[in-house]
Amino acid sequence: MTDAVDRVVAAAAEHDLVLDVVEYPDGTRTAADAAAAVGCEIGQIVKSLIFAVDDEIVLALTSGANRVDTDALVELAGGEASRRVDADAVRTVTGFAIGGVPPFGHLQPVRAFFDPSLLAYDSVWAAAGTPRHVFPIDPSRLLEITGAAVGDFSDR
Ligand code: 5CA
């Protein structure tokens, strides 16, 4: 395991959760890659997407089947405008590279929003710190650990 995976496992342990991290050498960089590797529905993949709403960095935990409606995200966050952040900023805030950003265990605490579509599944899969490591988790447990606010920000 890598240092990045160790940090995610340690963050989970703080919530008394033992992560079952699985490595897929062919990669899990995108939701489609991860779903193909795991052999699950794309909707079961958790995308951990970083946006800036005004001057605040936020995390949108989004089903792999959905796209983020940024207007809806801005409204949920109570802000005025959103923008994508670049890869360097994602690494600075989270401590992880794009394609491996996990849903928790970030360097800087960020406010998180949770796509309710994820709650339809018994288990979902999220990145474990690298573009080839993922772990399964009950979405309700993931919601609890992240302290995220459930809100429909998907573009459907
Ligand atoms: N490991 C997979 C599934 S868990 C994963 O991390 N998917 S993800 O969707 O959360 O992360 C990839 C996302 O990073 C892409 O959907 C895209 O929104 C974002 N991204 C890719 N390249 C850039 C970039 N250059 N700058 C900012 N965001 C990017």
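This is a predicted model: local features need pLDDT of at least 70, side-chain atom pairs count only at pLDDT 80 or more; totals for chains, interfaces and linings use all residues.
**Entry: helix α5**

I checked what the side chain of Glu144 does. Glu144 meets Arg141 in a salt bridge, with N to O at 3.7 Å. I placed both residues in helix α5, which covers residues 139–146. They are three residues apart there, about one turn of the helix. Arg141 has a relative accessible area of 23%, and I logged Arg141 as partly exposed.

**Entry: salt bridges**

I looked up the total and found four salt bridges in the structure. I wrote down the general point that side chains of opposite charge can pair when their charged atoms come close.

Which residue forms a salt bridge with Arg132? I found Glu23, with the closest N and O atoms 2.7 Å apart. This pair joins distant parts of the chain, 109 residues apart. Arg132 sits in the loop between β6 (124–127) and β7 (133–137), and Glu23 belongs to strand β1, residues 22–23. I then looked up accessibility for both ends. Arg132 is partly exposed at 31% relative accessible area, and Glu23 is also partly exposed, at 41%.

I went on to Arg111 and Glu56, whose side chains form a salt bridge at 2.8 Å, N to O. Arg111 counts as partly exposed at 35% relative accessibility. Glu56 counts as partly exposed at 29%.

**Entry: aromatic rings**

I searched for aromatic pairs, and the count came to one. The pair is Phe104 with Phe135, ring centres 5.8 Å apart. How are the planes of Phe104 and Phe135 set? I read an angle of 55 degrees, so I logged the pair as tilted. The cut-off for edge-to-face is over 60 degrees and for stacked under 30, which is why 55 degrees falls in the tilted class.

I located the two rings next. Phe104 lies in the loop between α4 (87–94) and β5, and Phe135 in strand β7, so the pair ties together parts 31 residues apart in sequence. Both accessibilities fall under the 20% limit, so both residues are buried: Phe104 has 6% and Phe135 has 0%.

I also looked for a charge over a ring. Arg7 lies over the face of Phe96, 4.5 Å from the ring centre.

**Entry: ligand**

How many residues surround the ligand? I counted 14, and the closest are Thr28, Arg29, Ser48, Arg84 and Gly99. A ligand nitrogen atom is 2.5 Å from a polar backbone atom of Thr28. An oxygen atom of the ligand is 3.1 Å from a polar backbone atom of Ser48. For Arg84 the side chain is involved: an N or O atom there is 2.6 Å from a ligand oxygen atom.

Note on methods: Residues are numbered from 1 along each chain as its sequence is written. Side-chain values use heavy atoms; hydrogens and water are left out. Helices (H or I, at least four residues) and strands (E, at least two) are DSSP runs, numbered from the N terminus. Buried means under 20% relative accessible area, exposed over 50%, partly exposed in between (1.4 Å probe, protein chains only). Rings of Phe, Tyr and Trp (its six-membered ring) pair if their centres lie within 6.5 Å; planes under 30 degrees apart count as stacked, over 60 as edge-to-face and the rest as tilted. A charge sits over a ring if NZ of Lys or CZ of Arg is within 6 Å of the ring centre and within 35 degrees of the ring normal. A residue is near a molecule or strand if one of its heavy atoms lies within 4 Å of it. A polar contact is a pair of N or O atoms within 3.5 Å; within protein, one must be able to donate a hydrogen and the other to accept it, and residues adjacent in sequence count only if both atoms are side-chain atoms.
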